[in-house]
Amino acid sequence: MAGRGFGTWLREGVWEIPLRRYLAIVLGVAVLAGLVVGVRTLAHDDRSCAAGVVRPEGSDECVGVSATAYDWGRAPLRPVARAIDRENRSIKGPYVTVALLEPFTATDADNLGDVLHEMQGAYLAQYQANHQSNGTVPAIRLVLANPGATGAHWEHTVDQLEGMTGAKDRLRAVAGVGLSTANNKRAVTALTARGIAVVGTSITADNLANGQNGKDPFPGLARVSPTNTDEARALTSFAQVAADKAVLVHDEKADDQDNGDPYSLTLQRSFEKMLKGSPYAPWSFNPPDDRSQDGSTANDFEQITHLVCDTDAGTDTILFAGRHTQLRQFINALGERGCQKRKFTLLTGDEASYLTGDKDLHRDALNRNLTVRYTALAHPDALVKSPPATGGSAADAKVLQELVRAGQGNKVGPIGTVDLEDGQLIIAYDAMRLTYQGIRFAKGTKDIPTLEEVRNEWRLIKGTQQRVDGASGWICLDNHGNPYDKAVPVVELTPQGTARFVKIAWPEKKPPAKECLPPS
C-alpha cells in the first residue's frame, strides 16, 4: 500500500472501482431483463376480451361470463347488452345473480338472431322482476355466459359459473341453454351435478329432460318448452297423421356418440312411433358435424325428392327430423321435385322457426303444392287470437307485448330490433319469469335462498297460485321439472317468409284443468 494511505486504498480498491463495476453489471442485467420482459410482452398474445371473458389457448373465440356491457363483438347484441348492464348497476339492496347461457359468439345469422331474441326476453323479465313486482326481493342481476358458438368451451364457462355461487355474486340459477346439442347436454349435466339450478328455454330433446323412464339425470333442471315427444303428440292430435300415408326423413348421425344431435334423435324416435305400420322405411341424410353449415347434404335431398315422388299416390305427409339448415335445404329441393302436381305437407319440430329469417330459403317452393307446418315453442298470435278456456290467456300475452313496446324507449330500452314470430323472445321471457318466481318462492324468511332451496322449488310450481302465467301459456311443472300439457302453437311457414299461426294443439289433446295439477 506504499504511496497510498489506507483510506485511499479502501475508497478506490474496495469501494469506488468495484462498486462502479458492480453497478454497471447490475444495470446491464436490469436492462437485459427489461428487454426480455418487453419482448415477451410484445410477443405475448393477450387472451383477455373483457372482464370475465377470455380466449382459451388454441382458440380465437371469446368465452366466459360477462357482467358488463360487453357485446361479444356482435353489433346486434349491443343495445340489449347495455340495457342489462344499466339495470344491473341500478340494483340496490339484496340481489341474486342469474346467468343466461347462450352461444353469444355464434357466427350463423339464424343462431345469432335466436341469441338476440333470448337476451331481449330475459332482460324484459329481469326488468319486470325488479320494477313491476311490488318491491319483492331479492332483485335479479343478469349476467351473460358464453360456452362458445358450438358449446365447445362449456367446461371453462361452467367452472366460472360455479365460482360465482359465493357471497359476492350469489349465482342461484342458469337460464337459457337454447339448443338441444351434445355440448349443451354436457353443460347441463355438469351444472346440475354441482347443485346449480338450470331453467331451459328452447331445449326440447327428451334426453335433456328429467323423468324419462322414471329417472332424473339432471337434478334441478326445469324447462318451459315441451319435450319432442310432447310436441309430436300435440302435432299428431292436430294433424291426425296416417301411418300409411306418411314417410320419415331424418338425420343419419343423430345418435352418433361424438357428433350426435339430441333434438333430431328424439324427434325421429317420436315420429317413428307415429309411423308404425308405414309401407316405407325411413330415409336418412348425412349432415356435416356442424349442422349450422350446408355441407354437401343438398345432394342427399335431391335424391330423396325422387323417392318422395316414387311413393304411392296416396302418400301426402313428410315427417322431418333434423336441424333448420338441413330443413331449408330439403324444402328447397322439394320445390324442384319432379312431381309438382302432387300435394305434400311437411311436418316438423320447432327448429323450423329459424326459417322465417333465412335468406337462403327458396320461398317459391311453398307455392308449389308444398305446405310446411311445425310445432312452435311460442307465437305472438296464439293466445291473443285463439285464447283457450284454460292453459293460458290473452291477458298474459299482452303483458309481454306492453313490455316489448316499453323496450323501444329509453327508460326500459332500447333493446334493439324485436321479432316475436320465432317465439324465442317469448319463451326466454317465460323462462326468466319461472326462474325469478322460483327464487322468490324459495327464499322463505330469508332474502337470499340457498342453491338447494332454489333447486327444490321446481316441484311446487303448479296449481292456481304458484304456476307461471306465461306469455306462451301456463307453466305447471311436474315433479321432474317438465311443463305439463303446455300449449303448442302449430304454425305454417308462408311464401312471404312469415310464420302464420294455425291452431293451438295440446299434448294431452285438450287444455289442462283450471287447477293445473299434473297427474302422477
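When neighbours within four places in sequence are left aside, Thr-375 is in contact with Glu-231, Leu-235, Thr-348, Gly-349, Asp-350, Val-488 and Pro-489. The structure described here is a predicted model, in which Thr-375 belongs to strand β13, made up of residues 370–375. With a relative accessibility of 1%, Thr-375 counts as buried, since a residue is classed in this way when its relative accessible area is under 20%.

Strand β13 is part of an open sheet of 7 strands, whose order is β10-β9-β11-β12-β13-β16-β17 and whose pairing is mixed. From one strand to the next, the twist averages 25°. In general, the strands of a sheet pair through backbone hydrogen bonds, in either a parallel or an antiparallel manner. Within the sheet, strand β11 (residues 317–321) and β12 run parallel and are joined by 3 bridges, and Thr-317 stands opposite Thr-345 in β12.

Two helices that pack on the sheet may be described together. Helix α7 (residues 262–274) touches β9 (246–251), β11 and β12, and the direction of helix α7 makes about 150° with that of β11. Helix α9 likewise packs on the sheet, where the strands touched are β9, β10, β11, β12, β13 and β16, and the direction of α9 makes about 155° with that of β11.

A search of the whole structure for disulfides finds 3. When the bonded cysteines are counted along the chain, the disulfides follow the pattern 1-2, 3-4, 5-6. One of the disulfides joins Cys-49 to Cys-62, with an S to S distance of 2.1 Å, and this link is left-handed, with -85° about the S-S bond. Because Cys-49 lies in strand β1 (residues 48–50) and Cys-62 in the loop between β2 (53–54) and β3 (63–66), the pair ties together parts that are 13 residues apart in sequence. Cys-49 counts as partly exposed, at 23% relative accessibility, whereas Cys-62, with a relative accessible area of 14%, is buried.

A further disulfide joins Cys-309 to Cys-339, with an S to S distance of 2.1 Å; the link of Cys-309 and Cys-339 is left-handed, with -80° about the S-S bond. Distant parts of the chain are linked by this pair, as Cys-309 is found in helix α8 (residues 297–310) and Cys-339 in the loop between α9 (324–335) and β12 (344–348), 30 residues apart. At 22% relative accessibility Cys-309 counts as partly exposed, while Cys-339, at 13%, counts as buried.

The sulfur atoms of Cys-476 and Cys-516, which also form a disulfide, are 1.7 Å apart. The torsion about the S-S bond of Cys-476 and Cys-516 is about 105°, and the disulfide is therefore right-handed. Since Cys-476 lies in the loop between β15 (473–475) and β16 (488–493), and Cys-516 in the segment after β17 (499–505), the pair ties together parts that are 40 residues apart in sequence. Both Cys-476 and Cys-516 are buried.

Technical notes. Residues numbered from 1 in each chain as written. Predicted model: local features only at pLDDT ≥ 70, side-chain atom pairs only at ≥ 80, totals over all residues. Heavy atoms only, no water. Disulfide = S-S within 2.5 Å. Helix = DSSP H or I, 4+ residues; strand = E, 2+ residues; numbered from the N terminus. Buried < 20%, exposed > 50% of the residue type's maximum accessible area, 1.4 Å probe, protein only. Contact = heavy atoms within 4.5 Å. Pairing = 2+ DSSP bridges. Axes fitted to C-alpha atoms, helices over the stretch in contact; angles between N-to-C directions.
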